[in-house]
Amino acid sequence: MASLTSDRRFSDLYEQHGPQILTYFKRRTDSETAKDCAADTFLVAWRRIDDVPADALPWLYGVARRVLANHRRSGGRMGRLVSRLAGFRPDADPDPETIVLRRADEAALVDAVNRLRPDDRELLLLARWEELPHAQIGDVLGCSAHAVDQRVHRATRRLAREFAVAVPRARSTTTPQPESRGEL
Amino acid sequence: MSADLLQQLSAINPERVEDVTADEIADVLSRFEERRAVMDTATRDTRRRHEPSGPRRQRRGWLVAVAAAAVVLLGVGGVAWLARGGGDGTPPADDEVVVTTTELEQETTVTSEAPSEETTTTTATTSPPHTTTTTLPAFELPPPSAAWWSAVPAALETPFVRDILATGDGFVAATASADDWTAMVWVSDDGTSWTSVGTLSPDVAVSEMWLAEAGNTVVVANQQLDDGRQTAVVWSGPDPGSLTPVDTNAFIAGDRVQAVSRGGPGIVAVGENGPTTTVLWASVDGTTWERFSDEAGAFDRSRPLSIAGTEDGFVAAGVTIDAEGGNDAAVWTSRDGSTWTRLMDAAFGGPGNQWMDDVAVGGGGFVAVGASWLEGQGVEGAVWHSPDGVTWSRIRNDGVFTSLPPGLGESNAIIEAVTAAGPGFIAAGTGGIGDGDDYRDAGIVWLSSDGLTWERLPAEALSFSAEYLRDVEAGADRVLIAGQASMATEILLWVPER
């Protein structure tokens, strides 16, 4: 039987982290899907409230990663269409597919991020978008803070290599804008 | 430069926490509450079926607390959600499904032999002669009518149903848990009442799953590894309740299975290890597996998505890259599961993109289903038929393989699953219903008595809330369709009258 304590705990959990979890999804998918995924994430938290650690945010991000992966694998019709069509172009990974950037260098950076391995991409986004400390990223990904340090270093080097490849392509397909920024 | 890149990555962050609005938070809470109510119903229904005296877990108090917190946190914008009443205290109606159990009228026993021609030396070790008993549904399809079908809401306590298999005495379902993505197996005698036989491995999170029977019950699943890669894992046992992990080195890190089927020669699986390496696996009984490479390059630049097994071979269906860089449907055949030949047929191509999601074989031949997508014209279902698995034709039924009759609004569809039922076929998928703000995804069902002529069930008449129909399976005396509805799986059931 659920107790008032666990109900209060869930309430506190949502109050403290609801916006952060919704934002996590909004950064990675469309608004409607983000709301569905946020609701699914807190449903897991509600069912497993006794398992949620005191430092809940990394735990919630861990759930959120799986919710989004599952949604992309078996979720909406257009999501499946996109993933299916993209599945036969090894260089293409639509994540985060809803980000639309018009400036060539920013597009190149997004392209470079998308070409990273999924774990490298998530690592960098957790660090730079969710602004999680490395210790908390370790909690999300199931590794130590030291391991996160090393992986961030390696992922950043890979990002630089991919960016160097992506910039010429982006500039050849995107009309540069006068205010384009970024250095080659 | 790397540090600059990371700063730039931070700068292009498209959303900020402080930009979340009270309306958005209220919307999320509303969606959460809908899911919680469905989950609560699923739990209650399951307990009513299997633990009649079990207490119902009540957790309504949290709702008031969460709503109050949201209002305090975000202001009056969240009040709209409160006005909707919050928790669902209404007990669900008793199951309205009346299942008529009828005796199996026809059972066909097929004795299969080993492939007559051995194309590789490994064939002999993976395909010894054995006997297969196949039960073919005896019924014929009725005229399309929603009245034939009844829905079992929240039949499974997870929305992530991956595969359903008809057995001689009922059905088996493989699902991923909604909590932690562990693999679960369920059994049902009638398609209505389902019992979980437990989590297969508590430390293994899975994505796609497949079921097969070959003397043993076999579950094949793609396992999520912590580093973002996948591998495959297999469980096997004499019955669904006795599944144990299979110790095999045939599956390695990076493997991703894409299709599994059982045919006369045994169980075969096709998948990949990385984007350009096709891998094949074969097993007689699911307990020992062999790994093959695609030496002939039959799957180059292609991806099989489904396999149909017959008594003497296999037919795979999927998608390939066409000459223009788009996608065309693709079909492969194999006698033994280890050596495959890709069929070349103009029926698989055409304007735009097309692919095959599923293939089935029955008394009416082979049917493959999928979708076609033309830039600017949306997505519509696609169906192919073959009398023998070798010669294929695209079925053209204008206005049928969409979600609505012509002229009734935006219409599109993807057909995801098909099964043979006697001489006919039943297909299921998802389509769009309505226009503008009323637009929504809905489960769609198509029927054919011969694989050549198809009709769509009127979706608006189906008492089925699942938006995404995942699998369709014909048992000895009934057909069921599994659909994802919020946080549970609905079963759409049709029991033919005798």
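Okay, let's start with chain B: of its 498 residues, 57% are buried. Keep in mind that this is a predicted model, so I'll come back to confidence once we've been through the folds.

Staying with chain B, the secondary structure comes to 28 strands and five helices. If you take the contacts in chain B between residues at least 6 apart in sequence, 52% of them join residues at least 24 apart. As for the surface, chain B exposes about 19900 Å², and carbon and sulfur atoms supply 49% of that.

One is an open sheet of four strands in chain B, in the order β2-β3-β4-β5, with antiparallel pairing. Which strands sit at the edges? Those are β2, residues 160-167, and β5, residues 195-199, both of chain B, and each pairs on one side only. From one strand to the next, the twist averages 20°.

Zoom in on the β2 end of that sheet. β2(B) and β3(B), the latter covering residues 170-176, are joined antiparallel by seven bridges. If you want a pair to click on, Ala166(B) has Phe171(B) in β3(B) as its bridge partner.

Is β10(B) mostly buried or exposed? Seven of its nine residues are buried, so the rest of the structure largely encloses this strand. β10(B) runs antiparallel to β11(B), residues 266-273, and eight bridges join the two. They form a hairpin, with two residues between the strands. Within that pairing, Arg256(B) stands opposite Glu272(B) of β11(B).

Chain A has a mean pLDDT of 71, with 68% of its residues at 70 or more.

Over residues 74-103 of chain A, pLDDT stays under 50, and the model has 75 contacts for them beyond four places in sequence. Residues 171-184 of chain A are also below 50, and that stretch has 19 contacts in the model beyond near neighbours in sequence.

Note on methods: Residues are numbered from 1 along each chain as its sequence is written. Chains are lettered from A and ligands numbered from 1 in the order in which they are written. This is a predicted model: local features need pLDDT of at least 70, side-chain atom pairs count only at pLDDT 80 or more; totals for chains, interfaces and linings use all residues. Side-chain values use heavy atoms; hydrogens and water are left out. pLDDT is the predictor's confidence in each residue, from 0 to 100. Contact means heavy atoms within 4.5 Å. Buried means under 20% relative accessible area, exposed over 50%, partly exposed in between (1.4 Å probe, protein chains only). Two strands pair if DSSP finds at least two bridges between them. Axes are lines fitted to C-alpha atoms, for helices over the stretch in contact, and angles run from 0 to 180 degrees between N-to-C directions. Accessible areas come from the Shrake-Rupley method with a 1.4 Å probe; for residues, only the protein chains shown count as cover.
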